[in-house]
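Dear colleague,

I am passing on the structure below, and my notes on strands, helices and charged pairs follow it. Please read them with the model open beside you.

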Amino acid sequence: MQQLNSFFTASEDGMKKTIEKVKHDLSSVRTGRANAAVIEDIKVESYGSLMPINQIAGISVPDAKTIEIRPWDASQLGAIEKAIIKAEIGYTPINDGKVVRISVPPLTEERRKDIVKSINKTAEDYRVAVRNERRVLVDNIKKAEKDKTITEDDKKKAEVEAQKVTDLYIKKIDEMIALKEKEVMQI
C-alpha cells in the first residue's frame, strides 16, 4: 500500500503542475480588459541581458483599458517600448518620457471567438497531459501487481481511484476554461 500511495502522490503532483500551468497560461490571455499578466513575461534587452519586463519596471493597471509600465531606470523606456512592439501582442506602447502606457483596444466579436477557439485547443492539450499522468499511474499499478507487491483486488481498486482523480483534475481544467471563455465573451 505504501507503494501505491507513492504512485498516487507522484501522479497528483504532475496533475497539480498541469493545473498551475493552465492558470498561468489563462492569465495571459487577452480579454479586452487591461491585464498586467499579458506583458509580464516579455523579455527586455537590459544592461546586456534579456530580463522579464516585471524585473526592470513596475507594472500597474490604473483602469480597465490602460496598462502602465514605470521602469526603475528611465533609460530603459526605449528598450521596454521596443520589446513590447517586438513581442507582437497586438498592443502599441506610448512612451511619454517617464512611463510607457498601453491602451487596450476593445476586442471585436470575431477576435473573441478566435481567442475562445485557441483557449479550447490549449485546454485539450492540458487534458491530454492529465490523462498521460493517469496512464503512467495505471502502468505503475499494473507493474506492481505483476511484481506481486499488490493483489489483483488492490490493482482494480487503485485503477478506479486513478480514474476518479483524473476526472477531478479534468473537471478543474474545464471549470477554469469555462470561466475564461465567459470572461473573453463578455463585452
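Glu68 counts as buried, because its relative accessibility is 11% (buried means under 20% relative accessible area, exposed over 50% and partly exposed in between, with a 1.4 Å probe and protein chains only). This is a predicted model, in which local features need pLDDT of at least 70 and side-chain atom pairs count only at pLDDT 80 or more, whereas totals for chains, interfaces and linings use all residues. Residues are numbered from 1 along each chain as its sequence is written, and side-chain values use heavy atoms, with hydrogens and water left out.

Glu68 forms a salt bridge with Arg101, with the closest N and O atoms 3.1 Å apart (a salt bridge being a side-chain nitrogen of Lys or Arg within 4 Å of a carboxyl oxygen of Asp or Glu). Since Arg101 lies in strand β6 and Glu68 in strand β4, the pair ties together parts that are 33 residues apart in sequence (helices, H or I of at least four residues, and strands, E of at least two, are DSSP runs numbered from the N terminus). Glu68 also forms a salt bridge with Arg70, where the closest N and O atoms are 3.5 Å apart. Arg70 is partly exposed at a relative accessible area of 44%, and Arg101 is likewise partly exposed at 31%.

Strand β6, residues 100-103, has a covered face formed by Val100 and Ile102, while Arg101 and Ser103 are on the uncovered one. Strand β4, residues 66-71, pairs with β6 in the antiparallel sense over four bridges (two strands pair if DSSP finds at least two bridges between them), and Ile67 stands opposite Ile102. Strand β5, residues 93-95, is also paired with β6 in the antiparallel sense, over three bridges, with Ile94 as the bridge partner of Arg101. In the hairpin of β5 and β6, four residues lie between the strands, and Gly97 takes a positive phi near 95°.

In helix α3, residues 77-87, the buried residues are Leu77, Ile80, Ala83 and Ile84. Seen down the axis of α3, these fall within an arc of 130°, so they line one face of the helix (the arc is that of the directions from the helix axis to the C-beta atoms). The buried residues of α3 pack against β1, β3, β4, β5 and β6 (contact means heavy atoms within 4.5 Å), whereas Lys82 and Lys86, on the other side of α3, are exposed.

Best regards
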